[in-house]
Amino acid sequence: MAGEPQADCLFCKIVAGEVPATLVRETETTVAFRDINPQAPTHVLVIPKAHYPDVASLAAAAPQLAADVAKEAGRVAAEDGAEAYRLVFNTGSAAGQTVFHVHGHVLAGRGLQWPPG
Ligand code: AMP
Ligand code: ZN
């Protein structure tokens with residue numbers, strides 16, 4: 001069922017505490033943790049605790065939860081002292097998505113090129 005934990009999902013395991021992560025924030029509905037392979041001084045992943053494969057399916061099924069993720073991204077950036085940041089949701093393997101539990105990448109602390117690669 002949509003939103004239910006998936007046994008083979010790395011980020012569901014982080015939510016369950018079965019895989020360690022460097023947590024930076026947690027709410028009733030979301031978790032934020034540092035990316036294991038950071039691409040910027042601030043590189044934090046914000047996820048809903050519930051499993052949805054990508055941001056569009058999250059927003060369609062649970063719009064308030066999508067809003068929670070976006071709000072948390074702003075808080076993460078603010079707590080890292082970032083005035084500006086980029087919030088990226090890679091969607092689909094051709095766009096670089098490797099973990100199919102929706103996650104927003106909060107990137108900050110260096111110059112961020114536009115357009116992105
Ligand atoms: P994406 O490629 O957009 O699906 O992003 C997945 C991200 O998860 C990558 O930036 C990885 O570095 C990161 N990642 C993979 N495993 C872990 C982990 N155990 N803890 C934290 N970040 C991870
Ligand atoms: Zn999951």
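Reader: How many bridges join strand S3 (residues 42–48) to S5, and in which sense do the two strands run?

Author: Some conventions come first: this is a predicted model, in which local features need pLDDT of at least 70, side-chain atom pairs count only at pLDDT 80 or more, and totals for chains, interfaces and linings use all residues. Residues are numbered from 1 along each chain as its sequence is written, chains are lettered from A and ligands numbered from 1 in the order in which they are written, and side-chain values use heavy atoms, with hydrogens and water left out. Strands (E, at least two residues) and helices (H or I, at least four) are DSSP runs numbered from the N terminus, and two strands pair if DSSP finds at least two bridges between them. Here S3 and S5 run antiparallel and are joined by 5 bridges. Within this pairing, His43 stands opposite Leu107 in S5.

Reader: What connects S1 to S2, and how do S2 and S3 run?

Author: A hairpin through 3 residues joins S1 to S2. Strand S1 (residues 23–26) is antiparallel to S2, with 3 bridges, and Leu23 faces Phe33 across that pair. S2 and S3 also run antiparallel, joined by 5 bridges, with Val31 opposite Ile47. Of the 5 residues in S2 (residues 30–34), 4 are buried.

Reader: Which residues coordinate the zinc ion (ligand 2), and what is the arrangement?

Author: Donors are N, O and S atoms within 2.8 Å of the metal (3.2 Å for Na, K and Ca); water is not among the atoms, so sites may look incomplete. The zinc ion is coordinated by Cys9 (SG), Cys12 (SG), His51 (ND1) and His101 (ND1), at 2.1 to 2.3 Å. Four donors count as tetrahedral if all angles lie between 85 and 135 degrees. The 4 donor atoms subtend angles of 107 to 115°, and the arrangement is therefore tetrahedral.

Reader: Why does the pair Cys12 and His101 tie together parts that are 89 residues apart in sequence?

Author: The donor residues are spaced C-x2-C-x38-H-x49-H. The pair does so because Cys12 lies in helix H1 (residues 10–16) and His101 in the loop between S4 and S5. Both Cys12 and His101 are buried.

Notes
Buried < 20%, exposed > 50% of the residue type's maximum accessible area, 1.4 Å probe, protein only. Tetrahedral: all angles 85-135°; square planar, octahedral: opposite > 155°, others 65-115°.
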